[in-house]
Amino acid sequence: MKPTTAMVLAAGLGTRMRPLTNDRPKALVEVGGEALIDHMLSRLADAGVTTAVVNVHAFADRLEAHLAQRAAAPKIVISDERGELLETGGGLKKARPLLGDDPVFVANIDAVWTEDGAPALDALAAAYDPALMDACLLLARMDKTLGFDGPGDMFLDNGRARFRGEAATAPYAFAGVHITRPSVTDGEPDGPFSLSKLWRVMADQGRLGAVVLDGFWMHVGDPQARDDAQARLVGAGF
């Protein structure tokens with residue numbers, strides 16, 4: 001069930017990344033000499049993705065022009081959100097006709113990582129079992145993260161993710177990529193909503209899978225995190 005299609009969530013306003021996003025979308029902020037979206041597209045291509053649906057909103061023309069100049073895989077298809085920013089769930093629902101029915105990777109553009117073992121997206125695909133789960137998340141160990149502000153998102157029990165709830169801390173953070181079927185949004189109304197709303201229902205039903213990244217994860221959400229991630233990548237030889 002390894003996906004060959006991905007949804008890349010690139011429509012955000014990037015307000016926390018200002019002033020770097022004063023003249024460009026967050027997706028085009030560079031880390032280690034490469035735009036954030038190109039980091040993610042390269043990971044997806046290495047995992048066998050041949051088509052990436054990318055949603056656009058802020059500085060949409062500039063992002064589309066950048067993507068049109070790419071010669072490397074995957075093939076890019078645009079999901080236009082110029083009229084309304086739809087958040088993660090609404091963006092996936094709007095792109096539904098472009099994605100088909102088979103499982104897809106869904107990826108944020110502000111996630112960058114290094115790998116110590118098996119490729120993270122291969123491990124994610126291997127862990128995903130559509131008969132037993134409605135989504136499978138890539139998680140990062142909190143002690144191997146950079147740029148993530150918070151006490152952690154989730155616990156992991158026998159391959160199933162559980163939200164932190166009332167606990168003071170949790171050992172894992174969502175690392176920005178998951179696998180799901182586009183049809184998970186079919187029962188939702190049009191308009192903005194977050195995928196986390198659906199994940200909470202899945203978790204309560206025991207149908208939210210997860211696998212832990214074997215590597216170091218960087219959430220590139222603001223200028224300082226960008227600088228820290230860049231230093232880390234240079235130190236790792238990227």
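A residue counts as buried under 20% relative accessible area, as exposed over 50%, and as partly exposed in between. Keep that in mind for this tour of a predicted model.

**Stop 1**

Select Phe148. With 21% relative accessibility, Phe148 is partly exposed. Trp217 has a relative accessible area of 2% and is buried.

Keep both on screen. They form one of the two aromatic pairs that the structure holds. The ring centres of Phe148 and Trp217 are 5.9 Å apart and the planes stand at 55°, so this pair is tilted. Phe148 belongs to the loop between β9 and β10 (154-157), and Trp217 to strand β14, so the pair ties together parts 69 residues apart in sequence.

**Stop 2: the second pair**

Select Phe174 and Trp199. Their ring centres lie 4.9 Å apart with the planes at 70°, so this pair is edge-to-face. The pair links distant parts of the chain, 25 residues apart: Phe174 sits in strand β12 (residues 172-180) and Trp199 in helix α6 (residues 195-204). Buried or exposed, Phe174 and Trp199? Both Phe174 and Trp199 are buried.

**Stop 3: the sheet around β14**

Show residues 215-219, which make up strand β14. The three strands form an open sheet in the order β7-β14-β9, and the pairing is mixed.

Zoom in on β9 and β14. They run parallel, paired over two bridges. Which residue of β14 stands opposite Leu146? Look for Met218.

**Stop 4: charges over rings**

Select Arg232 and Phe216. The charged end of Arg232 sits over the Phe216 ring, 3.5 Å from the ring centre. Next, pick Arg200 and Phe163. Arg200 lies over the face of Phe163, at 4.1 Å from the centre of that ring.

**Stop 5: the largest pocket**

Switch to a surface view. The largest pocket has a volume of about 1100 Å³. Its lining counts 39 residues, and Thr88, Asn108, Asp110, Phe174 and His219 are the closest to its centre. Phe174 is back from the second stop, where it paired with Trp199.

Which elements give two or more residues to the lining of the largest pocket? Colour α3 (87-94), β6 (104-108), β12, α6 and β14. Then colour the lining by class: 17 residues are nonpolar, 14 polar and eight charged.

Key. Residues numbered from 1 in each chain as written. Predicted model: local features only at pLDDT ≥ 70, side-chain atom pairs only at ≥ 80, totals over all residues. Heavy atoms only, no water. Pairing = 2+ DSSP bridges. Helix = DSSP H or I, 4+ residues; strand = E, 2+ residues; numbered from the N terminus. Phe/Tyr/Trp six-rings, centres within 6.5 Å; stacked < 30°, edge-to-face > 60°. Buried < 20%, exposed > 50% of the residue type's maximum accessible area, 1.4 Å probe, protein only. Lys NZ or Arg CZ within 6 Å of the ring centre and 35° of its normal. 1 Å grid on protein atoms, 1.4 Å probe; cavity = no way out; pocket = protein on both sides within 12 Å on 5 of 7 lines; lining within 4 Å. Points joined across faces, edges and corners; volume = space filled by probe spheres on them. Nonpolar A, V, L, I, M, F, W, Y, C, P; charged D, E, K, R; others polar.
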